[in-house]
Every structure is written in structure tokens, then in C-alpha cells.
Amino acid sequence: MSRVSAVLRVAIAVVLLWALVVAAAWLLQRRLIYFPDRSAPPAAAGASDVTLRTTDGLLLTAWLVEPPPETPGPRVAVLLAPGNAGNRLSRAPLAAALAGRGLTVLLVDYRGYGGNPGSPSEDGLARDIEAARTFLVEQADIPAERLLYYGESLGAAVVTALAAKHPPAGLILRSPFTDLPAAGSEHYPFLPVRLLARDRFPVAQLIARVTAPTLIVYGTADSTVPPRQSLDVAAKAAGPVRVVAVHGADHNDASLVNGTQLINAVAKLAAEAI
């Protein structure tokens, strides 16, 4: 009897410990999703500070990177939504590479990132990217039909939601997941992530409403977002899709962040979509 009681006490302790872990995960989940560098980055060569005004009253700083003045053809812009970590400084080489191909680039920092006020959430990021699009159309005078949306990882979810609401000329998704709980379950398999998640970012569901030409780029060795999830997103897209695999690339490898294969694919989409 005492042995049964001991086993029961251990079982109860394990259950209570697991319940505490689950409760902590629910309370602190956004700290497990968003990893902002909150410091304001120093000025980057070729980038101009611009201010975005969100519908809930925040003023966010972003960078506008223009192509060389002698660039021929119509002005085409890329709205660049970053992933969940760092700030815009680490994406400056990507913006510069795209500008070098004749594209205007608006490099966004979300609320809570890069010296911006506020705290990130799914709803907040949606407001931030909407403000960025409004800036490009109303202040930078970029026609809506010459806008490309580019999102990396979490940013892919942000621009897919924007594309479902405001169709772009083209959509670029780098390392997209099917939805945030699916990505989270890969890293926290011991937690009921789908039940706990407040921010869901349903990329696969929303891409089924996007008919714009879509480019999906993923790394075959991505250890953060499983390649099969990026391929699942491609399979759900309503519009024409091109898939580019960067062989041997992990999630944050330079070849996947701003490598030649990626830049060439984006430039090709821009040329075909406009």
C-alpha cells in the first residue's frame, strides 16, 4: 500500500509540475515568440529614416532604401517584413541587395523593435505592416499595382495576411511556416501549443485566398521552420507559385538571408509581375 501511495504522490507531483509549466508558457508565450532588439540601430548607408503611423496611434521608424537614380523603368517597391528577432540593422544587406536590382525597399521594424514603442502581437504586427503599406502608397507615391510584399519567417505570415486584404503585384515568402502553433510544436513538443497559442498566424489558410504570383524560398537544412511546412504553404497558394530551394541552408545562413540565389529569384518575380 505504501508503495502505491509513493507512486501516486510522484504522479501527482509530475502532473502539478507539468501544469505549472503549461501555465507559465501561457503567461509568457510572447516571450517565446518575439525576440526584439529594442535598441535604435545606427544609421545605415543608403537608408533614410521614415515614420509610419499605425491605426492605434503608434509612430514607428523604418528605413526607405532607394535604387540608384539612373535605374530605368517604373518605380517598383518591396515592403520588407522581418522575422521575429533582432532589428532592421541585420536586414540592411538584404535591402541594399534588392535596391541594387532597381527596387525601392521599405524595411520595417515592428512595434517593440529597433527603438519603436509598443509590444509585439499578431494584431499589432498587422497594424504595423498596414501602416507601412499606407506609407508607400500615400507618401512615397508607389502605385499599389507596383508593390511587392516580402516576408521572412514570421514576417511571411505578416505579409500573407496583408496580401489577403490588399493584393500585391507579387508575394515573396522566405521560410514560411503553415501556422505559428505548427512551428511552435516542433520546438515545444511537450506543450499543447495549439491550445495555448494566442497568436496564430495562419499562413496556409490565408495563402489560399491570395492569387498574386508567389515566390517561396526555403532552406533544405532549415532547423527552425521545417522545409515541409514551407512546401505545404506553396501547395495551398491560390495563385501561380515558384518554389526555390537553397540547398544546405539553415534558417539564418547568409545564403538564405541575402544570398545570390534568393536575390535573383526576387528580381525575376519583380520583372515578371510588374
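Let's start with helix α4, which is mostly covered: 10 of its 12 residues are buried. Please keep in mind that we are looking at a predicted model. The helix runs over residues 154–165 and reaches 18 Å from its first C-alpha to its last, close to the 16 Å expected at 1.5 Å a residue.

Which residues of α4 are buried? They are L154, G155, A156, A157, V158, V159, T160, L162, A163 and A164. And what covers them? The cover includes three strands, β4 (77–81), β7 (147–152) and β8 (170–174).

Now let's turn to charged side chains. Side chains of opposite charge can pair when their charged atoms come close. In this model there are 10 salt bridges, and I'd like to walk you through a few.

Take R111 and D56 to begin with. Their side chains meet in a salt bridge, with 2.7 Å from N to O. R111 sits in the loop between β6 (104–107) and α3 (122–139), while D56 sits in the loop between β2 (47–53) and β3 (59–65), so this pair ties together parts that are 55 residues apart in sequence. Are the two partners buried or exposed? R111 has 6% relative accessibility and counts as buried, whereas D56, at 38%, counts as partly exposed. There is a further partner here too: D56, R111 and D128 are linked in a network of salt bridges.

Next, look at D109 and R88. These two form a salt bridge in which the closest N and O atoms are 2.7 Å apart. D109 is in the loop between β6 and α3, and R88 is in the loop between β5 (85–86) and α2 (92–99), so the pair connects parts 21 residues apart in sequence. What about their surroundings? D109 is buried at 1% relative accessibility, and R88 is buried at 2%.

My last pair is E186 and R228, whose side chains meet in a salt bridge at 2.4 Å, N to O. This time the partners lie in helices: E186 belongs to α5 (residues 180–187) and R228 to α8 (residues 227–236), so the bridge ties together parts that are 42 residues apart in sequence. E186 is partly exposed, with a relative accessible area of 36%.

Technical notes. Residues numbered from 1 in each chain as written. Predicted model: local features only at pLDDT ≥ 70, side-chain atom pairs only at ≥ 80, totals over all residues. Heavy atoms only, no water. Salt bridge = Lys/Arg side-chain N within 4 Å of Asp/Glu carboxyl O. Helix = DSSP H or I, 4+ residues; strand = E, 2+ residues; numbered from the N terminus. Buried < 20%, exposed > 50% of the residue type's maximum accessible area, 1.4 Å probe, protein only. Expected span 1.5 Å × (residues − 1). Contact = heavy atoms within 4.5 Å.
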